[in-house]
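Open the model in your viewer and follow the stops below. Each stop says what to select and what is there.

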Amino acid sequence: MSVNLLKDTQQQNAVVIFVDDSKKFLNKWNDPVLKDYAKAPLENDFNADYKESLLVYTDNHPLTQRLLFVGVGKKQDLSLQRFRILGAEIVKALRSKKVSSKVSVFVPKVGKLKVSDTIEALQTGADVFQFEFNELKGKKPKKKEAITFNFIVEQKADVTSGTKAQDRAATIAEGVNWGRRLVQLSPRQIYPETLAKEFEKMLKASPSKNKIKLSIWDEAELKKKAYGGILAVAQGSDNPPRFIIAEYRNGAKSKKPVALVGKGVTFDSGGLSLKPPPAQETMKYDMAGAASVMAAFKIVTDLQVKTNLVMIVPTVENMPSGKATRPGDVITMASGKTVEVLNTDAEGRLILADALYHATEKMDVAAVIDVATLTGACALAVADAAAGYFGNNQKVKDALHKASEQTGEYIWPLPDFDDFYVDLIKSDVADIRNIGKKREAGATTAALFLEEFVHNDTPWTHLDIAGCGWYDSPRDFVGMRGASGVPMRLLAQFVENFG
Ligand code: BES
Ligand code: ZN
Ligand code: ZN
């Protein structure tokens with residue numbers, strides 16, 4: 001891993017150069033011999049379409065034996081997101097040729113993009129792409145050799161900023177892949193107790209561990225505090241719940257922290273409102289919200305960002321049993337509000353409600369963001385392309401949008417324009433019902449339910465990641481089916497911007 005000027009670059013196994021659709025190199029490169037090697041292939045065999053690549057062998061050139069041309073299509077279409085994806089494409093192309101070490105990538109200056117941001121994007125895409133999950137295989141496939149990039153920049157000033165950017169990207173991707181592993185593990189390994197343990201173990205190795213306070217409440221503690229939403233969902237399972245609160249203090253004392261709250265349902269069977277088997281198959285990822293805020297917490301604390309941050313994860317397993325909450329049960333939440341639980345599969349909002357109450361009533365926070373695989377309705381609306389969002393404060397929504405544009409993890413507003421939506425969750429017998437009176441606007445009624453538990457006018461945004469938290473097939477720079485890692489980078493970026 002390094003960032004250098006061309007003149008300081010040692011012999012490499014491969015050198016990567018980007019080419020646009022006019023067949024021009026995006027970097028200035030005055031090596032007549034290598035240019036000569038490039039000429040015929042570029043003229044004949046290569047369109048330089050976005051993501052197209054071509055490998056050319058050179059004989060005994062002092063710099064490299066292999067030139068990898070990577071097409072970018074139209075130069076004006078390039079963006080950081082495209083560079084992330086190209087980072088993964090380079091890894092794919094090199095792997096097919098069994099090249100893994102001594103790879104140099106020429107980094108172009110494109111439009112308004114900073115060279116250091118381009119480096120960060122290429123490295124992030126390559127590292128997230130290389131995540132493998134084989135620990136549950138009895139017969140372990142051979143671990144693929146990690147591919148690291150040496151970047152070649154044109155300006156001396158970009159060596160320093162580029163080196164920082166490359167380190168930063170590696171730290172961020174490590175956090176993302178750490179979180180993705182938690183989602184990939186099965187509910188046999190990850191249940192509330194072990195989810196908390198994995199987080200605790202990670203913090204023990206943190207460079208910020210002296211600035212972090214961790215509390216893990218067990219069931220007895222939750223009972224003492226009467227956190228009725230969490231308890232009601234957990235009571236059907238033999239695996240007891242946990243409530244995880246982590247506080248990181250590395251900013252001005254006077255500055256209130258942001259709170260990140262994540263849904264940690266380690267398996268969602270639906271409870272007595274049992275899901276049909278196909279819908280249960282992937283419900284280990286119902287803790288992707290928890291994994292997202294935990295990974296964001298890891299990234300922020302590994303980067304030692306100068307800020308104050310709180311992370312809260314209510315975690316339960318949602319199971320049917322003789323002890324399970326029944327449809328029709330009325331429960332009392334931590335806040336004292338009563339809820340008519342008409343569908344035990346709408347459990348995420350029950351545990352998040354207690355956590356939002358905790359964040360906004362028991363702690364003093366500047367803003368709270370909750371992240372949850374909350375509704376099938378949201379996934380139906382946006383597929384895996386975005387998180388749906390809903391909130392009570394335009395500034396926070398704008399700040400999330402800004403972070404989202406920086407990291408390429410898209411967010412899209414859920415409908416909120418009509419009072420009719422809130423009428424849908426009124427109950428005859430309790431303060432509120434846990435599902436809408438009809439199926440329509442399911443993502444909005446879920447969000448409105450949560451809003452009932454945001455106290456003291458705390459700025460709040462809810463991100464529904466039911467669609468984007470899991471990819472059914474590889475997408476962008478995520479190389480496999482499963483945990484996408486979205487929106488971990490966005491959350492960390494948001495916290496960092498918030499300061
Ligand atoms: N965990 C699910 C939501 C979900 C569905 C996430 C599909 C990812 C993919 C959630 O707990 C749930 O079951 N929600 C219900 C709510 C309904 C009963 C109002 C849903 O969306 O069907
Ligand atoms: Zn559910
Ligand atoms: Zn759920």
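Select Phe199. Neighbours within four places in sequence aside, Phe199 is in contact with Trp178, Leu214, Ile244, Ala246, Met294, Phe297 and Met311; contact means heavy atoms within 4.5 Å. This is a predicted model, where local features need pLDDT of at least 70, side-chain atom pairs count only at pLDDT 80 or more, and totals for chains, interfaces and linings use all residues. Residues are numbered from 1 along each chain as its sequence is written, chains are lettered from A and ligands numbered from 1 in the order in which they are written, and side-chain values use heavy atoms, with hydrogens and water left out.

Now widen the view to the core. Phe18, Ile90 and Phe199 touch the most other members of the largest nonpolar core, which has 102 residues. Such a core is a set of buried Ala, Val, Leu, Ile, Met, Phe, Trp, Tyr and Cys residues joined through side-chain atoms within 4.5 Å. Buried means under 20% relative accessible area, exposed over 50%, partly exposed in between (1.4 Å probe, protein chains only). Highlight helix α9 (residues 288–302): ten residues of this core come from there, the largest share. Helices (H or I, at least four residues) and strands (E, at least two) are DSSP runs, numbered from the N terminus. Next, pick Met333, Leu352, Tyr421 and Leu450, which are among the 51 residues of a second, separate core.

Asp268 lies in strand β10 (residues 264–268) and Glu347 in the loop between β13 (338–341) and α10 (348–362), so the pair ties together parts 79 residues apart in sequence. Asp268 is buried at 2% relative accessibility, and Glu347 is buried at 1%.

Last stop: charged pairs. The structure holds 30 salt bridges, each a side-chain nitrogen of Lys or Arg within 4 Å of a carboxyl oxygen of Asp or Glu. Select Lys426 and Asp423: their closest N and O atoms are 2.9 Å apart. Lys426 is partly exposed at 46%, and Asp423 is partly exposed at 38%. Finish with Glu120, Arg168 and Glu496, joined into one network by salt bridges that share partners.
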